[in-house]
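Thanks for coming, everyone. I'll keep this short and walk through one chain from one end to the other. Have a look at the structure first.

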Amino acid sequence: MDLKMQLIAAWLQGGHGVSDLARGYGISRKTAYKWIRRYQEEGAGGLQERSRAPHYCPHAVAEDVAEQIVAIKKVHPSFGPKKVLDRLRELEPAMALPADSTAGEILKAAGLVKKRRYKRPYPADPQPFELGDRN
């Protein structure tokens, strides 16, 4: 914030161009112009740090859908995400449902998925490969 205010103060004095100020403060011209524009539009409050989090996520799963997925999994613990979604489609055919992988992530976040045991691949022939004699 101090750097931004120093740049704005130097810009308001009018002794230097924006390019010179940006170079002197070690920022890009685009950033300098952005700070100046925000100062002109909003005053000193416009120079505060802003959240970078998205305002809206169009493909987010609705809370009630996620709750129904978890509820069906609790009723049928042996079902995986595909069967859970198939069951939900039977119960609510008009509901917009997420992909199978998304349902799996919802179940994993709820702690309802057990991690599978890793099986080591067993080689087809455990004996080392030997070349035959060539005469």
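Predicted model: local features only at pLDDT ≥ 70, side-chain atom pairs only at ≥ 80, totals over all residues.

Helices here are DSSP runs of H or I, at least four residues long, and strands are runs of E, at least two, numbered from the N terminus.

Start with the annotation. The UniProt record, an unreviewed entry, places "domain: Insertion element IS150 protein InsJ-like helix-turn-helix" on residues 4-55. What is the secondary structure over residues 4-55? The chain there is 62% helix and 0% strand. The end C-alpha atoms of that stretch are 25 Å apart.

Now the domain assignment. It gives domain 1, residues 3-47, and domain 2, residues 63-110. How far apart are the centres of domain 1 and domain 2? Over C-alpha atoms, 51 Å separate them.

Look at Lys-4, in helix α1, residues 2-13. Is Lys-4 buried or exposed? Its relative accessible area is 8%, and the cut-off for buried is under 20%, so Lys-4 counts as buried. Setting aside residues up to four places away in sequence, Lys-4 touches Trp-35, Leu-47, Gln-48 and Glu-49.

Next, Arg-37. This residue is in helix α3, residues 29-42. Its relative accessibility is 40%; that falls between the 20% and 50% cut-offs, so Arg-37 is partly exposed. From Arg-37 to Ser-19 is 18 residues along the chain, and their C-alpha atoms are separated by 15 Å.

On to the cores. As a rule, nonpolar side chains in soluble globular proteins tend to be buried together. Which residues make up the largest nonpolar core? There are twelve: Val-65, Ala-66, Ile-69, Val-70, Ile-72, Phe-79, Val-84, Leu-85, Leu-88, Ala-103, Ile-106 and Leu-107. Helices α4, α5 and α6 are the elements that give two or more residues to this core. The most comes from α4, with five residues. Leaving out neighbours within four places in sequence, Val-84 is in contact with Ile-69, Ile-72, Lys-73, Phe-79 and Leu-107. Apart from this core lies another, of ten residues, among them Leu-7, Leu-21, Ala-32 and Trp-35. Trp-35, remember, is one of the residues that Lys-4 touches.

Now helix α6, residues 100-109. Its buried residues are Ala-103, Gly-104, Ile-106 and Leu-107. What covers the buried residues of α6? The cover includes α4, residues 63-75, and α5, residues 81-91. Just after α6, Gly-111 takes a positive phi of about 80 degrees.

Last stop: the loop between α5 and α6, where Met-95 lies. Met-95 touches Val-65, Gln-68 and Leu-88, again not counting residues up to four places away in sequence. The C-alpha atoms of Met-95 and Val-65 are separated by 8.3 Å, with the two residues 30 apart along the chain. Val-65 and Leu-88 also belong to the largest nonpolar core.

That's the tour. Over to you.

Methods
Residues numbered from 1 in each chain as written. Heavy atoms only, no water. UniProt positions renumbered as here; feature names shortened; annotations may be inferred. Buried < 20%, exposed > 50% of the residue type's maximum accessible area, 1.4 Å probe, protein only. Contact = heavy atoms within 4.5 Å. Domains from an automatic or database assignment. Core = buried A, V, L, I, M, F, W, Y, C linked by side-chain atoms within 4.5 Å.
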